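Here is a short report on one protein. Keep the structure in view as you read.

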Amino acid sequence: MKAKPLLFIGLLSLLIVSGIINSENSKKPMIISHASWVKYYPDVKSLVEDADVIVEGEAESIKSYPRFDELDIATDVYFNVSKWYKGSEPKSRNKIIIEQDGGVYNGVTRKLDKVEIMEPGKKYLLFLDYSPEEDKYAVLTGWQGQFKLGFFKAENPEPSRSMDKDKLYDEIARHNQR
């Protein structure tokens, strides 16, 4: 009989602590932005055709910062390239910087539609635009050209665009005019 009141008190304590944690987190500002992307890529072929660069590799680290003001947060992803499928490799390095919209800076979170900030230690296959003025890259339309690589699957932030990893490789090889 004593176990039931102790269990109830334990669960009640957990709920109270959870509420305190959630209320603390809710005080931190979150900016959710929506975008009308200029271009939609219906398939891998269109991604291959438009990308300046197609690479595979691993996100090494990330750094978020205010771009134009404190609420316009961007994140630089320091990316180790293991394979170039399209585009020119930098002469002296296989490390590139990819700028993504969104991130967390000074306690403010900015999230843009389906853009998922790459996670350090995870492998990706990316379709990128290159900006020579900044020597940075950007994922085609923020999210359409980003595939997180699993053992069998290539996951896109839009689940309906995810596919078998081997199919993604086959599509790139079929449409790439390297």
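At 36% relative accessibility, Lys 114 is partly exposed. This is a predicted model. The side chain of Lys 114 meets that of Glu 158 in a salt bridge, 3.1 Å from N to O. The two partners come from distant parts of the chain, 44 residues apart. Lys 114 sits in the loop between strand 6 (108-112) and strand 7 (123-131). Glu 158 sits in the loop between strand 10 (153-155) and strand 11 (163-164).

## Other salt bridges

The count comes to 13 salt bridges. One of them pairs Glu 171 with Arg 174, and their closest N and O atoms are 2.2 Å apart. Both residues lie in helix 3 (residues 165-175). They are three residues apart, so about one helical turn separates them. Their surroundings can be read from their accessibility. Glu 171 is buried, at 14%. Arg 174 is exposed, with a relative accessible area of 55%.

Some salt bridges share partners. They join Arg 67, Asp 72, Asp 76, Glu 99, Asp 101, Arg 110 and Lys 136 into one network. Within it, look at Arg 67 and Asp 72. Their salt bridge has its closest N and O atoms 3.3 Å apart. Arg 67 counts as partly exposed, at 24% relative accessibility. Asp 72 has 14%, which is under the 20% limit, so it counts as buried.

## The overall plan

Now step back to the whole chain. The protein has three helices and 11 strands. Along the sequence they follow the pattern α-β-α-β-β-β-β-β-β-β-β-β-β-α.

The protein has 178 residues, and 38% of them are buried. Take the contacts with a separation of 6 or more: residues 24 or more positions apart account for 60% of these. The accessible surface comes to about 11,000 Å². Carbon and sulfur atoms hold 57% of that surface.

## Nonpolar cores

Which residues have the most contacts inside the largest nonpolar core? They are Val 44, Ile 54, Leu 125, Phe 127, Phe 147, Leu 168 and Ile 172. This core has 16 residues. Helix 2 (44-50), strand 7, strand 9 (146-149) and helix 3 each give it two or more residues. The largest share is three residues, and helix 2 supplies it.

Ile 172 shows how such residues meet. Leaving out residues up to four places away in sequence, Ile 172 touches Val 44, Val 48, Ile 54, Tyr 85, Leu 125 and Phe 127. There is also a second, separate core, with 15 residues. Among them are Phe 79, Ile 98, Met 118 and Leu 128.

## Aromatic pairs

How many aromatic pairs does the structure hold? There are four. One of them joins Tyr 130 and Tyr 137, with ring centres 4.6 Å apart. The planes lie 40 degrees from each other, and the pair is tilted. Tyr 130 is partly exposed, with a relative accessible area of 31%. Tyr 137 is buried, with 5%.

Another pair is made by Phe 151 and Phe 152, and it is edge-to-face. The distance is 4.6 Å centre to centre, with 85 degrees between the planes. Are these two residues buried or exposed? Both Phe 151 and Phe 152 are exposed.

Key. Residues are numbered from 1 along each chain as its sequence is written. This is a predicted model: local features need pLDDT of at least 70, side-chain atom pairs count only at pLDDT 80 or more; totals for chains, interfaces and linings use all residues. Side-chain values use heavy atoms; hydrogens and water are left out. Rings of Phe, Tyr and Trp (its six-membered ring) pair if their centres lie within 6.5 Å; planes under 30 degrees apart count as stacked, over 60 as edge-to-face and the rest as tilted. Buried means under 20% relative accessible area, exposed over 50%, partly exposed in between (1.4 Å probe, protein chains only). A salt bridge is a side-chain nitrogen of Lys or Arg within 4 Å of a carboxyl oxygen of Asp or Glu. Helices (H or I, at least four residues) and strands (E, at least two) are DSSP runs, numbered from the N terminus. Contact means heavy atoms within 4.5 Å. Accessible areas come from the Shrake-Rupley method with a 1.4 Å probe; for residues, only the protein chains shown count as cover. A nonpolar core is a set of buried Ala, Val, Leu, Ile, Met, Phe, Trp, Tyr and Cys residues joined through side-chain atoms within 4.5 Å.
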